[in-house]
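Welcome, and thanks for taking a look at this one.

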Amino acid sequence: MGVVIGKIIDVFSVFKRKREEGKVAYTKKEHVVIIGWSKKAETAIREILGTNDYIDVVIVDTLEKSPTDVAEERIHYIQGSLTEEYTYAQANVEQAKAVIIFADDSIQDITLRDAKTLSIALTVERIAPEVHTTAEVMVQHH
């Protein structure tokens, strides 16, 4: 009996670790995908969760671990390249309600920052043209 209980606990701990590392695919629908972690993204997530009790948020970024508490069941993290379709398949972007792309604050040159944002937007639009996509750009004519 102890061995069985030990195996069950081990499975749950492996799942929790993989979820924390962003290695577990999101399979639900009608969620909001936030691409790019920043203070602005954190604020947006709080507003989304605070105004709707039923919507989930999926964060997509390159961080090694989830930037939020994995105990929060309505927040899911996917780790991967922001320009590869596989990452967005893991986030189930095709079934999302909306996608919000935040500019990468670590890039100092705002033109390069916008180039990265627009590259991500093109990838998302190619995969899920029906999903409402909002992108933060720093230069108005971009």
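A word on terms before we start: a residue is called buried when its relative accessible area is under 20%. Please also keep in mind that this is a predicted model.

1. Let's begin with helix α4, which covers residues 110-127. At 1.5 Å a residue, its 18 residues should span 26 Å, and the C-alpha atoms at its ends are 26 Å apart, so the two agree. At the start of α4, a side-chain oxygen of D109 comes to within 2.9 Å of the backbone nitrogen of T111.

2. Which residues of α4 are buried? They are R113, D114, T117, I120, A121, T123, V124 and I127. An α-helix has 3.6 residues a turn, so residues three or four places apart point the same way. The buried residues of α4 pack against β1 (32-35), α3 (85-90), β4 (98-101) and β5 (132-135).

3. Next, find A103 in the loop between β4 and α4. A103 counts as buried because its relative accessibility is 3%, under the 20% cut-off. Its contacts beyond four places in sequence are R113, T117, E136 and M138; of these, R113 and T117 are also among the buried residues of α4.

4. Finally, visit D61 in strand β2 (residues 57-61). D61 is buried but has no salt bridge, and the nearest side chain of opposite charge, K116, is 7.1 Å away. A polar atom of the D61 side chain does lie 2.6 Å from the backbone nitrogen of W37. Leaving out residues up to four places away in sequence, D61 touches G36, W37, Y77, I78, Q79, G80 and L82.

Technical notes:
Residues are numbered from 1 along each chain as its sequence is written. This is a predicted model: local features need pLDDT of at least 70, side-chain atom pairs count only at pLDDT 80 or more; totals for chains, interfaces and linings use all residues. Side-chain values use heavy atoms; hydrogens and water are left out. Helices (H or I, at least four residues) and strands (E, at least two) are DSSP runs, numbered from the N terminus. Buried means under 20% relative accessible area, exposed over 50%, partly exposed in between (1.4 Å probe, protein chains only). Lys and Arg count as positive and Asp and Glu as negative; His and the chain ends are not counted. A salt bridge is a side-chain nitrogen of Lys or Arg within 4 Å of a carboxyl oxygen of Asp or Glu. A polar contact is a pair of N or O atoms within 3.5 Å; within protein, one must be able to donate a hydrogen and the other to accept it, and residues adjacent in sequence count only if both atoms are side-chain atoms. Contact means heavy atoms within 4.5 Å. The expected span of a helix is 1.5 Å times one less than its number of residues.
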